Amino acid sequence: AVMSSKGWYKEVIQILHAKFGLNSFRPNQAEAINETLSGQDVVVLMPTGGGKSLCYQLPALVKSGTTKGTTIVISPLISLMEDQVYHLKNLNIKAEMVNSKLDADTRSEVISTLVKGELELVYISPEMLSISRVMQMALQTMYDKHILARIVIDEAHCVSAWGHDFRPDYMALTKVKNDYPGIPIMALTATANNQVLLDIVNCARPNPLVLKQSFNRTNLLYEVRKKGPKVVNEIAEICLNYGGKSGIIYCRSKKDCETTAEKLRSHGVSAEHYHAGLDSETRSKVQKNWQESRTHVVCATIAFGMGIDKPDVRYVIHMSMPQNMEGYYQETGRAGRDGRMSKVYLFYKFGEYLNIRRMILEEQEVQRDIREHKASLLLKVMQYCENTVDCRRKQVLQYFNETFDSRLCEMKCDNCVAMRGQTVVCQDVTELAKDVVRILESIGMDRVTDQQCIDILSGRMTTRTRESNYNKLKLFGCLSSYGLTFVERLVHDLLSQDVLEDYTKRNSRFAQTYIRQGKKASNLMHDKMRIKMNFPKSNETRKASN
Ligand code: ADP
């Protein structure tokens, strides 16, 4: 409808059918195409699998738009480029790429066809744009000859230091709008919170059209599980239940990828590992085996992902917590691209959060404010994992500033199942929470870790308790009748809700993570907030009688 009044409407529809073999547009594709053909800047936020490529590939073939010439696509990954160019050439579209992997002869050959205006699309790596004089001159010549149709910034979140995927090479892109005045810019990404979006919009001229589509992946089932010592056995069981269906297991380190794949194989799962430490030949072999369903499972670091387009991934497992919600969204988004029901699992334990956090804060080569920012992104993931009350989908979407009515989840996440399937009851534990704050107050700063605090609350006599005379405290053991697991959950819940906070302090020998009252502690103490927690139904009577 948006387009039918435009001169290029007929041609666009014809190309959609004849070249791409598609029947109709998906949400926002027509709007994006229309805007760029009108010569306007546009920012497209679309979840993975939403169909971003068509938004720039189709207009590149349109002859009746406002702009003429070649579409330049800046793309961060060579493998991604290769896939796209291969695919386009198969459709008889004149597409080429320029990147550091090409030998100098091929590169200058491509550039000379480009300057003659013989290409419809050209994919360029960001470093080619920022360092290659030849490339820069080619673009200038095209601009002068009026054969530069538009500039596309794919995976645009890479421009932002606040994104999970920042590439310094992408910095140069923030100035293309000045280098090529009048040439429409299209920036596309699958993940953008507000801060990242601001940086992306900054690449365009004032007030670009921002097309944002719901990030809700209705066909994904969400579940967070407690990570115990037998996590790999549990994962093996999941994989075996899926039979020969495809899955991805995201691991935190290269070592984890290797050992997990090996253990899975010993359980009879067809698994291989993938990480940046492998040579590129092995990497593409592993990817291809999996892509073509010869191996069923890949145990991978987050290096595995961008550019893979396998429609029938039935499950994604995070064996360790991801470092931020954007990454989590992208990685889980690789499941169920064909629209069929798929499941995503996240294995979490609080101790791992503390480890990752310490690692982030101690990364010496990273600027301090970026380190702190990264820690704040990690905190959000911890809060997500600890929250056993709110709909997972609602929580994920909230991160992208999208509101979601959890009644629409239809029991497609563990929390909704538990809450509405009534296997759990929600109880108000505000008064118990106040005791936690009080006990920290009586202990004082820089004294206890979360574990020690849990010990004190549940009345465990440890060496540390005895040495520091914590057993003499009035509130020592005040939650002992609730059991250690409950106390642990309560303390972590309070940490995730900012009633408590953890902080790292370095003394002469080592760094220690302590806990103290957080920003919301006084709200709690003044009855301005309530703390609720879920309990399995069988425990209900025991709890109530306590
Ligand atoms: P993204 O880059 O947003 O992750 P892609 O551009 O790779 O998504 O598209 C994902 C899949 O959706 C591709 O297989 C593509 O062919 C398909 N697709 C894109 N647009 C349409 C459409 N209008 N109708 C049907 N399928 C589409």
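This is a predicted model: local features need pLDDT of at least 70, side-chain atom pairs count only at pLDDT 80 or more; totals for chains, interfaces and linings use all residues.
Angles run from 0 to 180 degrees between N-to-C directions, and the axes behind them are lines fitted to C-alpha atoms, for helices over the stretch in contact. Two residues are in contact if their C-beta atoms, placed from the backbone, lie within 7 Å.

Residues are numbered from 1 along each chain as its sequence is written.

The protein has 23 helices and 17 strands. Of its 546 residues, 41% are buried, where a residue is buried if 20 or more other C-beta atoms lie within 10 Å of its own, exposed if 12 or fewer, and partly exposed in between, with C-beta atoms placed from the backbone. Among the contacts in the protein with a separation of 6 or more, 73% are between residues 24 or more positions apart.

Strand S9 (residues 246-250) runs parallel to S12 and is joined to it by 5 bridges; serine 246 has valine 313 in S12 as its bridge partner, and isoleucine 248 stands opposite valine 316 in S12. Strand S13 (residues 342-348) also runs parallel to S12, with 4 bridges joining the two, and here isoleucine 317 stands opposite tyrosine 345 in S13. S12, helix H13 (residues 325-332) and S13 make a right-handed β-α-β unit, and a crossover is right-handed if, with the strands pointing away from the viewer, the path from the first strand over the helix to the second runs clockwise.

The loop between S9 and helix H11 (254-266) holds arginine 252. This arginine 252 counts as partly exposed because it has 19 C-beta neighbours inside 10 Å. Although arginine 252 and isoleucine 356 are 104 residues apart along the chain, their C-alpha atoms are separated by 9.6 Å.

A second open sheet is formed by 7 strands in the order S3-S4-S2-S5-S6-S1-S7, and its pairing is parallel. Its edge strands are strand S3 (95-98) and strand S7 (209-212), each of which pairs on one side only. Neighbouring strands of this sheet are turned by 20 degrees against each other on average, direction ignored.

In this sheet, all 6 of the 6 residues of S5 are buried, so S5 is largely enclosed by the rest of the structure. Strand S2 (residues 70-74) pairs with S5 in the parallel sense over 5 bridges, and isoleucine 74 stands opposite isoleucine 153 in S5. Strand S5 (residues 148-153) also pairs with strand S6 (residues 185-189) in the parallel sense, over 3 bridges; valine 152 stands opposite methionine 186 in S6, while isoleucine 153 has alanine 187 as its bridge partner in S6.

Helices lie across this sheet as well. Helix H2 (residues 29-37) lies across strand S1 (42-45), S5, S6 and S7, running at about 165 degrees to S1, and helix H4 (residues 78-90) lies across S3 and strand S4 (121-124), running at about 160 degrees to S3.

Finally, there is the ligand. Of the 13 residues around the ligand, Leu22, Gly50, Gly51, Lys52 and Ser53 come nearest, and a residue is near a molecule or strand if its C-beta atom, placed from the backbone, lies within 6 Å of it. Helix H3 (residues 52-57) gives the largest share of this shell, 3 residues.

Definitions and conventions: Two strands pair if DSSP finds at least two bridges between them.
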